[in-house]
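Hi,

Here is the model I promised to pass on. Have a look at it first, and then read my notes below.

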Amino acid sequence: ISTEMATSLDAAGAPIPTSAVLTASSKHIGASCLSENVAFLKCKQKDPNPEKCLEKGQQVTRCVLHLLKDLHQRCTKEMDAYVGCMYYHTNEFDLCRKEQQAFEKACPL
């Protein structure tokens with residue numbers, strides 16, 4: 001059984017952020033969208049009203065979507081293999097270390 005699958009793309013050519021895509025990209029998201037995530041969390045701590053932090057949440061979403069598109073353009077084959085493995089193995093990192101290494105080598109943090 002092949003775990004290789006093409007990442008599903010939206011009309012703009014960006015990967016659709018499924019759980020497998022987000023999990024496979026989590027290290028990159030943590031590094032690249034750190035300031036947006038911290039600002040959002042600080043806002044949430046300061047004010048429990050969800051409406052008060054909508055803009056900060058949208059900034060996080062924009063950062064992640066931009067990053068996913070960039071990663072997919074730069075490392076298409078490796079990202080697709082890693083995402084496919086994560087999808088097939090229900091996001092179990094331990095079962096996809098080979099694909100993870102290839103992805104992180106092709107698209108370093």
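Let me start with the rings: the structure holds one aromatic pair. Ring pairs are called by centres within 6.5 Å, with planes under 30 degrees apart counted as stacked, over 60 as edge-to-face and the rest as tilted. Tyr82 and Phe103 make up this pair, which is tilted, at 5.8 Å centre to centre and 40° between the planes. Tyr82 is buried, at a relative accessible area of 1%, and Phe103 is buried with a relative accessible area of 1%. Buried here means under 20% relative accessible area, exposed means over 50%, and partly exposed is in between (1.4 Å probe, protein chains only).

Some housekeeping before I go on. This is a predicted model, so local features need pLDDT of at least 70 and side-chain atom pairs count only at pLDDT 80 or more, while totals for chains, interfaces and linings use all residues. Residues are numbered from 1 along each chain as its sequence is written, and side-chain values use heavy atoms, with hydrogens and water left out.

Now the overall picture. The protein chain has six helices and zero strands; helices (H or I, at least four residues) and strands (E, at least two) are DSSP runs numbered from the N terminus. The C-alpha trace spans about 50 × 30 × 25 Å along its principal axes. Of the 109 residues, 33% count as buried. The accessible surface comes to about 6800 Å², and carbon and sulfur atoms account for 56% of that (Shrake-Rupley method with a 1.4 Å probe; for residues, only the protein chains shown count as cover). As for contacts (heavy atoms within 4.5 Å), take those between residues at least 6 apart in sequence: 63% of them join residues at least 24 apart.

What does Phe103 touch, leaving aside its neighbours within four places in sequence? Its contacts are Ala24, His28, Leu71, Cys75, Glu78, Met79 and Tyr82. Phe103 and Tyr82 are also among the residues with the most contacts inside the largest nonpolar core, along with Val64, Leu71, Met79, Val83 and Met86. That core has 20 residues, where a core is a set of buried Ala, Val, Leu, Ile, Met, Phe, Trp, Tyr and Cys residues joined through side-chain atoms within 4.5 Å. Helices α1 (19-24), α4 and α5 each supply at least two of its residues, and the largest share, six residues, comes from α4.

Helix α6 is worth a look too. Its buried residues are Glu99, Gln100 and Phe103. They sit on the same side of α6, because they cover an arc of only 100° around the axis (the arc is that of the directions from the helix axis to the C-beta atoms). The face turned away from this buried side carries the exposed residues Lys98, Gln101 and Lys105. The cover over the buried residues of α6 includes α1, α2, α4 and α5.

Then the disulfides. How many are there? The structure holds four, each a pair of cysteine sulfur atoms within 2.5 Å. Counting bonded cysteines along the chain, the pattern is 1-4, 2-3, 5-8, 6-7. Three of them in more detail:

- Cys33 is joined to Cys63 with S to S at 2.0 Å, and the link is left-handed, with -95° about the S-S bond. Cys33 lies in the loop between α2 (26-32) and α3 (34-46) and Cys63 in helix α4 (residues 54-74), so the pair ties together parts 30 residues apart in sequence. Both cysteines are buried.
- Cys75 is joined to Cys107 with S to S at 1.6 Å, and this link is right-handed, with 95° about the S-S bond. Cys75 lies in the loop between α4 and α5 (76-88) and Cys107 in the segment after α6 (97-106), so parts 32 residues apart in sequence are tied together. Cys75 counts as buried at 1% relative accessibility, as does Cys107 at 0%.
- Cys85 is joined to Cys96 with S to S at 2.1 Å. The torsion about their S-S bond is about -90°, so this disulfide is left-handed. Cys85 is in helix α5 and Cys96 in the loop between α5 and α6, eleven residues apart. Cys85 and Cys96 are buried.

Cheers

Technical notes:
Phe/Tyr/Trp six-rings, centres within 6.5 Å; stacked < 30°, edge-to-face > 60°.
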